[in-house]
Amino acid sequence: REVRPGTLFFALPGLHADGHRFIPAAIAAGACAVVHSAELPSYDPSVAYVKVPDPRFAMSPIAAACPPWSGRCCAVAVVSHRTNPACGRTGGSTAT
C-alpha cells in the first residue's frame, strides 16, 4: 500500500498472507527491486530481484548499508500480516 516509484519491496511471509502475493502490485506501483524467498512464476526484466533464504533477516543488513541520510537507497516497503506488539497493530502493511 505504501509502494512508490523507486521502492525496494520486501516480500515477507506472514500468518494470514504471504507478501509474495503482493509483488505484482508492488511492481505496478513502481517498485524497482524485490527481496523475496520463494520462486516466482514470472520476473519483470525492468525490476531487480534478490532471492534470499529469509527476507526478514535480509532487512537489517540492507537497512544498515542504506542509512536515510546517505541518499544511496530508495524507500523500503514491507508487507506482512503478522501481529507486531511493539507497533501496537495487527496486520496491514508498514513502510520505512
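A search of the whole structure, which is a predicted model, finds one salt bridge. This salt bridge is formed by Lys51 and Glu39, whose closest N and O atoms are 3.1 Å apart. The pair links distant parts of the chain, since Lys51 belongs to strand E3 (residues 48-51) whereas Glu39 sits in the loop between strand E2 (33-36) and E3, the two being 12 residues apart. In general terms, side chains of opposite charge can pair when their charged atoms come close. The two partners fall into separate classes of accessibility: Lys51 has a relative accessibility of 48% and therefore counts as partly exposed, while Glu39, with a relative accessible area of 56%, is exposed because the value lies over 50%.

A pair of aromatic rings is described by the distance of the centres and the angle of the planes.

Of the 96 residues of the protein chain, 34% count as buried. The accessible surface comes to about 5,900 Å², and 61% of this surface belongs to carbon and sulfur atoms. When contacts between residues at least 6 apart in sequence are considered, 49% of them join residues at least 24 apart.

The largest nonpolar core is made up of 10 residues, namely Val3, Phe9, Ala11, Ile23, Ala26, Ile27, Ala31, Val34, Leu40 and Val47. Strand E1 (8-11) and helix H1 (23-28) each supply at least two residues of this core, and H1 gives the most, with three residues. A second, separate core consists of seven residues, among them Phe10, Leu12, Val35 and Val52.

Ala26, which has its place in helix H1, counts as buried at 2% relative accessibility. Apart from neighbours within four places in sequence, Ala26 is in contact with Val3, Phe9 and Ala31. The C-alpha atoms of Ala26 and Glu2 are separated by 8.8 Å, although these residues stand 24 residues apart along the chain. With its neighbours within four places in sequence likewise left aside, Ala31 is in contact with Val3, Arg4, Thr7, Phe9, Ala26 and Val47.

Thr7, one of the residues in contact with Ala31, lies in the segment before E1. This threonine is buried, with a relative accessible area of 1%, which is under the 20% that sets the limit for that class. The side chain of Thr7 reaches the backbone oxygen of Arg4 at 2.5 Å, and Arg4 is itself among the residues in contact with Ala31.

Terms used: Residues numbered from 1 in each chain as written. Predicted model: local features only at pLDDT ≥ 70, side-chain atom pairs only at ≥ 80, totals over all residues. Heavy atoms only, no water. Salt bridge = Lys/Arg side-chain N within 4 Å of Asp/Glu carboxyl O. Helix = DSSP H or I, 4+ residues; strand = E, 2+ residues; numbered from the N terminus. Buried < 20%, exposed > 50% of the residue type's maximum accessible area, 1.4 Å probe, protein only. Core = buried A, V, L, I, M, F, W, Y, C linked by side-chain atoms within 4.5 Å. Contact = heavy atoms within 4.5 Å. Areas by Shrake-Rupley, 256 points an atom, 1.4 Å probe, with all protein chains shown as cover. Polar contact = N/O pair within 3.5 Å; in protein donor to acceptor, adjacent residues only side chain to side chain.
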